[in-house]
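Biologist: I would like a close look at one loop in this model. Please say what sits in it, and then walk me through its surroundings.

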Amino acid sequence: MNKAIFPGSFDPFTVGHENIVLRGLNIFDHIVIAVGINSDKRGMFTIEQRLHFIKEIFKDEPRVSVETYTGLTVDYAKQTGCTHILRGLRTAADFEFERAIAQVNKQMSGLDTSFLLCIPEHTPVNSSIVRDILHHHGDASMYVPVAIREEIKQLSQKR
Ligand code: ADP
């Protein structure tokens, strides 16, 4: 089975992430969305909330699983039987950043990274802009997947 890991912080999961996973399913039999736990970085949403959002989005897709991990992505990828790492690219800056990581990951583990270019309308979408909009009580609906729009809106109103 061709299984890929899609690692990230997903704070929160956006339409950009969703699109990469959906298109990744045309290439891979199974995708593990892996939320990295970084104890140095306190996010806007808790790890439990991020997991819950992603599970909600893919609740009808048995070929997607959602997990958390600590440590090196390549170690976790191997533990879970993944044969590839999936990443999304928006800009040349993304490419430069991702290139080094992918090359080091390949050297360390033999695992290849597959990149999917985002669709043009998702180029400006990123989790930190969504966080900023929510922080200032703005409407970030168009940047978050339909399945979690209402929940994110309610959570941001309570802040
Ligand atoms: P990280 O903290 O590792 O950058 P993110 O949660 O920001 O993780 O993103 C995870 C992956 O999703 C990365 O490969 C990133 O390039 C990709 N990604 C983020 N936003 C988009 C987008 N709008 N379109 C396509 N890919 C995206």
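Modeller: First, the labels. A helix here is a DSSP run of H or I with at least four residues, a strand is a run of E with at least two, and both are numbered from the N terminus. Keep in mind that this is a predicted model.

Now to the loop. Phe10 lies between β1 and α1. Its phi is near 50°, which is a positive value in a residue other than glycine. Pro12 has its place in the loop between β1 and α1 too. The peptide bond that joins Asp11 and Pro12 is cis, with omega at about 0°.

What lies around the loop? Start with open space. Rolling a probe the size of a water molecule over the atoms shows where empty space is left. The largest pocket holds about 1100 Å³ of space. It is lined by 41 residues, and Gly8, Ser9, Phe10, Asp11 and Lys41 are the closest to its centre. The largest share, 4 residues, is from α4. By class, the lining counts 14 nonpolar, 18 polar and 9 charged residues.

There is a second largest pocket, with a volume of about 260 Å³. Its lining has 15 residues, and those closest to its centre are Pro7, Thr73, Arg87, Ile101 and Asn105. Here α3 (73-79), β4 and α4 each supply at least two residues. Again α4 gives the largest share, this time 6 residues. The classes are 9 nonpolar, 4 polar and 2 charged.

On one side is β1, part of an open sheet of 5 strands in the order β3-β2-β1-β4-β5, with parallel pairing. The edges are β3 (64-69) and β5 (112-117), each pairing on one side only. Neighbouring strands are turned by 30° against each other on average, direction ignored.

Last, step back to the whole chain. The protein chain has 6 helices and 5 strands. Along the sequence they follow the pattern β-α-β-α-β-α-β-α-β-α-α. The chain's radius of gyration is 15 Å, close to the 15 Å that the globule rule gives for 159 residues, so the chain is as compact as a globular protein of that length. Its C-alpha atoms fill a box of roughly 45 × 35 × 35 Å along the principal axes.

Back to your loop, then.

How values were computed:
Residues numbered from 1 in each chain as written. Predicted model: local features only at pLDDT ≥ 70, side-chain atom pairs only at ≥ 80, totals over all residues. Heavy atoms only, no water. Pairing = 2+ DSSP bridges. Axes fitted to C-alpha atoms, helices over the stretch in contact; angles between N-to-C directions. 1 Å grid on protein atoms, 1.4 Å probe; cavity = no way out; pocket = protein on both sides within 12 Å on 5 of 7 lines; lining within 4 Å. Points joined across faces, edges and corners; volume = space filled by probe spheres on them. Nonpolar A, V, L, I, M, F, W, Y, C, P; charged D, E, K, R; others polar. Rg over C-alpha atoms; globule rule 2.2 N^0.38 Å.
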